[in-house]
2 protein chains.
Amino acid sequence: MNAEIIAIGSELLTPLRTDTNSLFLTEQLNRIGVDVVFKTVVGDEKTRLTATVSLALQRSEIILTIGGLGPTGDDLTRECVAAALGRPLRRDEALVGPMEARFRARGLRMPEINLRQTMVIEGATVLPNRNGTAPGLWIEEQGKIIILLPGPPRELCPLFEHGCLPRLRERVPPTVIRTRELRLTGLTESATEERIAPLYTRYKNPVTTILATLGEIQIHLKSFGKDEAEAQAPLDELSPQLEKVLGKHVFSTRSESMEEVAGNCLLRNKATVAVAESCTGGLLAQRLTSVSGSSAYFLGGVVCYSNAVKMDWLDVPAEVLGTHGAVSAAVAQALAEGIRQRAKSTFGMGITGIAGPTGGTSEKPVGLVYLALAGGGQTQVHERRYPGERKAIRWQATQSALDILRRVLMEEER
Amino acid sequence: MNAEIIAIGSELLTPLRTDTNSLFLTEQLNRIGVDVVFKTVVGDEKTRLTATVSLALQRSEIILTIGGLGPTGDDLTRECVAAALGRPLRRDEALVGPMEARFRARGLRMPEINLRQTMVIEGATVLPNRNGTAPGLWIEEQGKIIILLPGPPRELCPLFEHGCLPRLRERVPPTVIRTRELRLTGLTESATEERIAPLYTRYKNPVTTILATLGEIQIHLKSFGKDEAEAQAPLDELSPQLEKVLGKHVFSTRSESMEEVAGNCLLRNKATVAVAESCTGGLLAQRLTSVSGSSAYFLGGVVCYSNAVKMDWLDVPAEVLGTHGAVSAAVAQALAEGIRQRAKSTFGMGITGIAGPTGGTSEKPVGLVYLALAGGGQTQVHERRYPGERKAIRWQATQSALDILRRVLMEEER
């Protein structure tokens, strides 16, 4: 079966916003064997939106609309889908009570306009939204399926997974699709391609797609079959060949983030870490602690922008700062050793560098970062030069820091 | 005039890639007064692509296609646009020589398939592409303009700016567009709507769009006029009215992020800040330091997950932790005062809470966060309950923290 996604909202037709919900929906649909054949973005405008839905009803089998279910006057999806289907809208009284209760729980009075969100297209099934006031709607019309989803990802994703996927599975002919994602760091996109192209181009199933993001390459494998075993076999044949030629650069074969992988390595080794960050300003601590359960291995972090903080909180000697400068291998080392000592952790990580856009010199340009890892009786220091802007430099530095930690821990696991 | 953008390529219908070229084109088009009213993504499939172009010719005045101009068999844009227009394709012999020269300059022989890229729709103007082999095409048909652009951004952007914009300017009636964006926090979307709807619905110019993101509402105003003054006047009339009813909730009228606004407030007041974060794990420090120049006011941060770090590094008394628990108003206060003292900063911010998914109890549920700001001879503590998942809770807590700081500083500026 094929599907069409309609993202609704005038803000999606400005230079400011782009639809990303459709990527999530496409992934979920592909998994049950549904192809997405059109994506349309249309504004909060009655005539165009109604015409877009009518057209989709003619050319696609499953139609998913995103957004436009809010309480305000420019939220028109309910009205326009009802018009395209020629069905009336009716208030669903059963929705009013729970909606009022949501507001009460937060100590608020429900504004009158929220009642718009209790309007339901005749014949539609209401899909409860645990994370917001706008319920989703599921409508079937002459063999076609129309699904109305709220726009905020934290509402849309669980609603689709729990409310729509089980229903869709019952209606879509079974094709089993299996995917695997290898993630690696430390190789360029073209170096990765050179290593793996001779292998993956021999296979039509799985389909291989390479995607480069900042400090990370993802290799997506997607295979098809009549049943689980037939879909799984091509993956199990190709994936180990790719892993072999990519070696230690591969940090996950299960779509894990680098911070999850590093965290799991720490857990398995019963090790702990503490971090001292200058140029990354807390991003490394934030990534480590974004993983639930990280309190088991993350002991603490210090963001040490100023020299005073480096000296007073982390015992970086004034002479080291004076002789080498704040951005130096020696200071990175002192930060790593200082935080390790203060936190009494297995490992201490220190980062100092120039994230820009200002502060660079010909000797120490923007993008120069020193990363140090103290632990196991020694401290290793790495010098890196990252391309890009402030945000990109900070991200890549934390990616390297986590990778250095992961590699050391994996070495210890051998 | 209005425009429709058609992004072409099967890879744009996978979960891995999204069209971002349209954001650049939208910005450029908006600047000369052209509105984008539809965006469509369609795959490399002849029937669907031809139908999409035909439809666009019926409903839009300017049609821009992106991609599908490459040399391979799945690059179908030239053929499909020709079919939709009912015009033939002819080889433009003048294009062959320069294309061969491009390859020769790189020491390569031109592959036969590249000759596809010398095919031109009858009556089209060829738009030279300095950064690739695929030229763009410009076609006029019954008052409509159809522009074919190559997909790679480093080819598309200069080709559009130099080849298309000057031509479009001659054909588009001069309209000047001005935009303003108000950002606010502390009100729900519907509460915002209730306050401002009576005002903005009275105006057709500017057009008002409300956009809710996590912990933040954005109000986009877009106004039109024959010249700068005429476009500016409606903005200057409506915006102050909105600002007045929204009051202190508005933190920016210039599209600034909350961290930029808080940082600028600190700068203006010659004040400094240091932060002690438990549940936000470094996110607040990271946001504050993501602003270039933040070293002028951000003195340092501590990520204090464990009670040991709270006591040893920030002098939180053991009795306070024992009596009230780590997630409590008293501990938030002690963190704020502790970090302020340690960093010798004007302000100290302390955050402690339960980000989940585990660790919640009926008394202290997931989402409960205490925020404390020490400074100016007092410490204020706020208790908040945020909805959503770990990441959402952490984000909202840092948004509140920055907002509390901003409000105090703005109060001092009075």
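## Reading a predicted two-chain model

Biologist: How many residues does chain A have, and what percentage of them is buried?

Modeller: Chain A has 414 residues, and 46% of them are buried. A residue is buried if 20 or more other C-beta atoms lie within 10 Å of its own, exposed if 12 or fewer, and partly exposed in between, with C-beta atoms placed from the backbone. This is a predicted model: local features need pLDDT of at least 70, side-chain atom pairs count only at pLDDT 80 or more, and totals for chains, interfaces and linings use all residues. Residues are numbered from 1 along each chain as its sequence is written, while chains are lettered from A and ligands numbered from 1 in the order in which they are written.

Biologist: How many helices and strands does chain A have?

Modeller: Helices (H or I, at least four residues) and strands (E, at least two) are DSSP runs, numbered from the N terminus. Chain A has 13 helices and 17 strands.

Biologist: Which strands form the open sheet in chain A, and in what order?

Modeller: Two strands pair if DSSP finds at least two bridges between them. Here 4 strands of chain A, in the order β10-β11-β9-β12, form an open antiparallel sheet. β10 and β12 (250–252) of chain A each have a single partner strand, so one side of each lacks a neighbour in the sheet. β10(A) and β11(A) (residues 216–225) run antiparallel, joined by 7 bridges. A:T209 faces A:H220 in β11(A).

Biologist: Now the interface. How many residues does each chain give to the contact?

Modeller: Two residues are in contact if their C-beta atoms, placed from the backbone, lie within 7 Å. Chain A gives 58 residues and chain B gives 58 residues. Among the elements of chain A with two or more residues on this side are α1 (21–31), β14 (298–303) and α13 (390–413). β2(A) provides the largest share, 7 residues.

Biologist: Which strands pair across the two chains?

Modeller: β14(A) pairs with β14 (residues 298–303) of chain B, antiparallel, over 3 bridges. A:G301 stands opposite B:V303 in β14(B).
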